[in-house]
Amino acid sequence: MLVAAVFATAIGDTARFRGYDGSVAGSTDAKIEVTINTPDALTHLIRSPGGLGLARAYINGDITVDGPLYDTLRTLQVDGVRE
């Protein structure tokens, strides 16, 4: 499975995901884009599924988010970050 597809499957397809391997997955009309920069991002997601793994990957620079992080978490509805 390609990197972007792993993230889209694990987190949801309400965002567009771009993998370090050139893969792209998720919604084609998404307002949020998450770029997976390194294989370590997958490790964070596997060890801590959901918001914690996503936050760890973001803090370490293993992923980048196009747009405000809070809005991204709210849109992805990760770990209780809801409206």
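Author: Leaving aside neighbours within four places in sequence, Ile63 is in contact with Phe7, Val34, Thr35, Ile36, Asn37, Ala41, Leu54, Ala57 and Tyr58, where contact means heavy atoms within 4.5 Å. This is a predicted model, in which local features need pLDDT of at least 70 and side-chain atom pairs count only at pLDDT 80 or more, while totals for chains, interfaces and linings use all residues. Residues are numbered from 1 along each chain as its sequence is written, and side-chain values use heavy atoms, with hydrogens and water left out.

Ile63 is also among the residues with the most contacts inside the largest nonpolar core, which has 20 residues, the others being Phe7, Ile11, Phe17, Ile36 and Leu54. Such a core is a set of buried Ala, Val, Leu, Ile, Met, Phe, Trp, Tyr and Cys residues joined through side-chain atoms within 4.5 Å, and buried means under 20% relative accessible area with a 1.4 Å probe, protein chains only. Two or more core residues come from each of helix H1 (3–11), strand E3 (33–36), helix H2 (40–47), helix H3 (51–59), strand E4 (63–66) and helix H4 (69–76), and H1 gives the largest share, 5 residues. Helices (H or I, at least four residues) and strands (E, at least two) are DSSP runs, numbered from the N terminus.

For the protein chain as a whole, the elements run α-β-β-β-α-α-β-α from the N terminus, and 39% of its 83 residues count as buried. Of the contacts with a separation of 6 or more, 38% join residues 24 or more positions apart.

Technical notes: Buried < 20%, exposed > 50% of the residue type's maximum accessible area, 1.4 Å probe, protein only.
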